[in-house]
Amino acid sequence: MTRALWGMALGAALAAASGGAAPLAAQESKAVSLGVSGGISLPTMNLGDVVDPGYAVAGHLYVTPSASKLVLFRGDVSYDRWLKKNASVPGQNVDWYALGVSANALIRPGAETDATVRPYLLAGAGVYSLKSTASGAKTESDFALQGGGGVEFQLAGFSTFVEAKYVNAFANGSDRNWVPVTVGVRF
């Protein structure tokens with residue numbers, strides 16, 4: 001899965017560098033836009049002790065204030081899933097998953113309005129429901145903070161992005177932490 005993600009990111013970067021990218025003033029003038037993303041989800045700390053890397057998918061709703069092109073807001077609905085390490089029952093996969101809703105601010109420091117490549121920083125908060133698929137496991141819903149960054153590539157009629165963020169869900173007893181690394185499209 002990781003090779004496919006790097007291939008998609010490389011393809012987007014090459015398209016931007018080869019002149020296939022064009023300024024997207026029309027997209028930036030839209031107050032609301034949508035996006036989707038997917039990639040690998042890397043568990044860290046205590047969560048990384050019990051599960052292996054998995055996958056992440058998300059849907060995004062972007063809101064661009066008319067007063068500023070350097071800051072925009074994004075609402076996310078995300079799903080991360082990990083396979084438990086050393087499943088105790090042969091042939092039975094015991095997974096963990098997190099379903100989340102978050103609100104984020106994306107800050108594009110020093111980016112020109114008509115730039116075709118834009119780095120950005122991300123900071124946000126949300127609520128994640130974490131659960132194991134093991135029999136009798138309970139769902140826990142926890143407040144979470146997240147921060148990270150990415151690069152957006154403006155193309156003709158849409159944009160692509162590569163992003164990594166650190167998610168910390170404040171669970172009872174011990175926090176749950178993971179790093180989704182995703183590639184997405186905004187239209």
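These legends walk through several close-up views of the predicted model.

Residues are numbered from 1 along each chain as its sequence is written, and side-chain values use heavy atoms, with hydrogens and water left out. Because this is a predicted model, local features need pLDDT of at least 70 and side-chain atom pairs count only at pLDDT 80 or more, while totals for chains, interfaces and linings use all residues.

**View 1. Eight strands close into a barrel.** The chain has three helices and eight strands; both are DSSP runs, with at least four residues for helices (H or I) and at least two for strands (E), numbered from the N terminus. Along the sequence the pattern reads α-α-β-α-β-β-β-β-β-β-β. Around the barrel the order is E1-E2-E3-E4-E5-E6-E7-E8, with antiparallel pairing; two strands pair if DSSP finds at least two bridges between them. From one strand to the next, the twist averages 25°, an angle taken between N-to-C directions of lines fitted to C-alpha atoms, on a scale from 0 to 180 degrees. Of the 187 residues, 41% count as buried, where buried means under 20% relative accessible area, exposed over 50% and partly exposed in between (1.4 Å probe, protein chains only).

**View 2. Strand E4 between its partners E3 and E5.** Strand E3 (residues 71–83) and strand E4 (residues 95–107) pair in the antiparallel sense over 13 bridges. On the other pairing, 12 bridges join E4 to strand E5 (residues 117–132), also antiparallel. Ala105 in E4 is a handy place to look: Phe73 stands opposite Ala105, and the bridge partner of Ala105 in E5 is Ala123. Ala103 stands opposite Ala125 in E5.

**View 3. A salt-bridge network of Arg74, Asp76, Glu163 and Lys165.** A salt bridge here is a side-chain nitrogen of Lys or Arg within 4 Å of a carboxyl oxygen of Asp or Glu, and the structure holds seven. Arg74 and Glu163 meet at 2.9 Å, N to O; this pair links strand E3 to strand E7 (residues 159–169), 89 residues apart. Both Arg74 and Glu163 are buried. Lys165 and Asp76 meet at 3.6 Å, N to O, again linking E7 and E3. Lys165 counts as buried because its relative accessibility is 9%, and Asp76 is buried at 3%.

**View 4. Tyr120 and its contact with Glu163.** Tyr120 lies in strand E5 and is buried, with a relative accessible area of 5%. The side chains of Tyr120 and Glu163 make a polar contact at 2.6 Å (a pair of N or O atoms within 3.5 Å; within protein, one must be able to donate a hydrogen and the other to accept it, and residues adjacent in sequence count only if both atoms are side-chain atoms).

**View 5. A salt bridge between Asp95 and Arg81.** The side chains meet at 2.9 Å, N to O, linking Asp95 in E4 to Arg81 in E3, 14 residues apart. Asp95 is buried at 13% relative accessible area, whereas Arg81 is partly exposed at 22%.

**View 6. Met45, a residue with positive phi.** Met45 sits in helix H3 (residues 45–50), and its phi is near 50°. For context, most residues other than glycine have a negative phi. Met45 is exposed, with a relative accessible area of 54%.
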